[in-house]
Amino acid sequence: MGTSSVPKLLLVLLCLNVLLGWLQFCYGSVTYDKKGIIINGQRKILISGSIHYPRSTPDMWGDLIQKGKDGGLDVIDTYVFWNGHEPSAGTYNFEGRYDLVGFIKTVQRAGLYVTLRIGPYVCAEWNFGGLPVWLKYVPGISFRTNNDPFKRAMQGFTQKIVQMMKSENLFASQGGPIILSQIENEYEPERWAYGAAGSIYVSWAAQMAVSLGTGVPWLMCKEDDAPDPVINTCNGFYCDGFVPNKPYKPMMWTEAWSGWFTEFGDPVHQRPVEDLAFAVARFIVKGGSYFNYYMYHGGTNFGRTAGGPFITTSYDYDAPIDEYGLTRQPKYGHLKNLHGAVKLCESALTSSDATVTPLGHYEQAYVFRSRQGQCAAFLSNFHTNAPATVIFNNMHYHLPAWSISILPDCRNVVFNTATVGVQTSQIQMFPTSSYMMHWATYNEYLSSFEERAMTTATGLLEQISLTKDTSDYLWYMTNVYISSSESFLYHGPTPTLTVASAGHALHVFINGKLSGSAYGTRTSWRFTFNGPVYLRAGNNRISLLSVAVGLPNEGAHYETWKMGILGPVTLHGLSQGTKDLSWQRWSYQVGLKGEGMNLESPNAASSGEWMQTLNVAQSNQPLTWYKAYFDAPYGNEPLALDVQGLGKGQVWINGQSIGRYWTLYAKGACNSCSYAGTYRLPNCQTGCGNPTQRWYHVPRSWLKPTSNLIVIFEELGGDASKIRLVKRAVTGLCAHASENHPTIENWNLESDGETTVREAKVHLQCAQGHYISSIDFASFGTPSGTCGSFVQSECHAPSSQAILEKDCVGHQNCTVAVSNINFGVDPCPDILKKLSVEVTCS
């Protein structure tokens, strides 16, 4: 090569570099440094919320995502559910609720970003942690470790998802909304369990992901050893103590737990929004630049997708948007105000680290300054029960216990994490005009086993090895011969049967009659049935129905865990003593006859196997299928099935599985709930003494105007006539705010850079199509109490009721100023006053 060609080559390379930079700007550049994610050269505080596409329906997606945007989100986060997309090896499903591309494009149309957590292990209280059950039977496989069969399968699915996104131009580097991707999930415990093989696997997974060339950063959550350039992130109730594994990586919180999942038989967990907001503010002041609410909308575990085991069909998670798609107030509104306050501080937060100044024993000031001179301050009080008054910049500030106040100009408070001024919604279930008609039944007669193919073996077999998770149900059957000379046939105690099971539930039938049931728990699957059995002289048929309630979704080598009746199975009280049945000849039948007949399908609705009945309440038999028809109720409110009166089973609407139901009563301690202090799961529980889940979401998009088919399979023998279709609606609102209440709406930035604080206001808004019909309580003064139990004091403006009625009744929403001027009187001079309101929406 001649020397004259060198400058030309440099010029060509320079031009190519400029061109690549221009293309990157046009199509989207996503990088990072220690202060945050940088999008097209701009460092951002990113606020994200998890919405899982299979846990809602496509007709819900647009509304859920828009509510996320209206609530201040920048990003929608979702896992990718391998077992939903590849239910059998090489057979793929990207339709309906599993239309991943459609979901991401819906996010894109809303103008939000996406974090795509490919995994493909997801945990998520999802059946088998999102991994397909068929993968368990690949020869030589071991999940999530340095194992070639697993790595081949994992890489193949990951590549498929990445290529699908690329072909639709969905990565930010292509102009799409996906700014971040995640490989693996919460691997730290497994890495310690697997040792060196786990560390090798982590390095391989990171390299494999980066090699796919998405043009966006990759994440590994709860994996401290995530290799460069992959970013390690935090999951938990609090993450302000988290430190990335390299000083040049941003501080990211991929799962800020907004609540918790629910297990059958347990109370429902709630997390106060004051504590959640406090946790987020703590994370921000420590340098956090990305946080994701897990969940922002939890949704529903339709079908048999719930994992655990024992996870309920509802995956509500006490999220800002509830299972049905309604905003949960005040959680949604309070977090929206938090997000607005944080965004006002964004320039300062992304430009500098905090200067920390003690203001007291429990109190501190965190001050951030931007290059343009903006000053933002966060004033904290970590005391769990005592408020404090602090001096900052020569001004006094009141700080409630366990709270942080945000001052975007280092002077005026626009938000305090413990001071909730947004409305509280009162949501109830109401009857609809829809009634179940034309009932019919079908019984799972035990004698029908002879009509179907069965497996026989000596000894007890593991359940999933036979069912491959195609059904929750597996029959274990054997015969016992009882001599006519047995003494118990004439006098003495009744024999007892003992059955040791590895999970999850069991129904015992003797000669076709239910003798009893037993079940485990999520923390203790193994249980033992021990009960009397009524035997007769001669042959007796023992039929044990083992029932799965979701497959495990976490734990080292969980693919090797066994379930079903593993024994021993023993019969006590015979003349010769105890008889061990474990190694007898057993017959096995996978699933129910009704499942094999597809009785849940509308195509089988006219099957001659169904028996019409005029009094379904008298059926009340175990192992019974029910069907009926109903018309869709008028309106657009979310719908649910009230299954009170039933026991345990599954339900379908027009062939779509609503999920598993179980009216198991919740045991636990449901005491009063305080937001202050480190949150722990037993802190705030509800529903003790009631069914853990009574209502089951019915998406309106699954209904026709008339003649909708409902099919129920009842295991225990509940009363199907009591099932009702109900609607979920906001029936009332409450609000409570003081004269000096800090809200984002009351803060204004003037054109000259100065800020002004406007008077506080109370905002009330009923759901769409509903209006404020009455003012049930109104007092401007010093009222006490909480929503539903407000009490008027001596300090009270007499015009309170009239002002609220004039401004609000007949309107969907209204705004009322909290001031002496608005109410025409100062009911108690020199005392801080507040306005408490309770209204009915109709």
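1. The buried residues of helix α5 pack against α3 (82-85), α4 (100-109), β6 (113-119), β7 (178-183), α7 (196-210) and β8 (218-221). Contact here means heavy atoms within 4.5 Å, and buried means under 20% relative accessible area, with exposed over 50% and partly exposed in between (1.4 Å probe, protein chains only). Helices (H or I, at least four residues) and strands (E, at least two) are DSSP runs, numbered from the N terminus.

2. The model is predicted: local features need pLDDT of at least 70 and side-chain atom pairs count only at pLDDT 80 or more, while totals for chains, interfaces and linings use all residues. Residues are numbered from 1 along each chain as its sequence is written, and side-chain values use heavy atoms, with hydrogens and water left out.

3. Helix α5 covers residues 148-167, which makes 20 residues. From first C-alpha to last it reaches 28 Å, close to the 28 Å expected at 1.5 Å a residue; the expected span is 1.5 Å times one less than the number of residues. Among its buried residues are Pro149, Phe150, Ala153, Met154, Phe157, Ile161 and Met165, and Lys151 is also buried. An α-helix has 3.6 residues a turn, so residues three or four places apart point the same way.

4. After the helix follows Asn169, whose phi is positive, near 55°.

5. Strand β34 (residues 639-642) is covered on both faces: Leu639 and Leu641 are buried on one side, Ala640 and Asp642 on the other. Two strands pair if DSSP finds at least two bridges between them. Four bridges join β34 to the antiparallel strand β38 (residues 695-698), where Ala640 stands opposite His697. Four bridges also join β34 to β40 (residues 724-738), again antiparallel, and there the bridge partner of Ala640 is Val726.

6. An open sheet of five strands runs in the order β13-β14-β15-β18-β19, with antiparallel pairing. Its edges are β13 (355-358) and β19 (415-416), each with a single partner strand, so one side of each is left without a neighbour in the sheet. β13 is joined to β14 (residues 363-369) by four bridges, and Val356 stands opposite Tyr366.

7. The second largest pocket holds about 1,300 Å³ of space. The elements that give two or more residues to its lining are α2 (58-70), α9 (331-344), β38, β40, β43 (761-765) and β45 (813-817). α2 gives the most, with six residues. The lining has 49 residues, of which Lys67, Leu326, Thr327, Ala767 and Gln768 lie nearest the centre. On a 1 Å grid over the protein atoms alone, a pocket is an open set with protein on both sides within 12 Å along at least five of seven lines, a cavity is a set of points where a 1.4 Å probe fits but cannot get out, and lining residues have an atom within 4 Å of a point.

8. The count comes to three cavities of 30 Å³ or more. The largest cavity has about 80 Å³ of space, and its lining includes Phe128, Lys136, Trp525 and Trp561.

How values were computed: Points joined across faces, edges and corners; volume = space filled by probe spheres on them.
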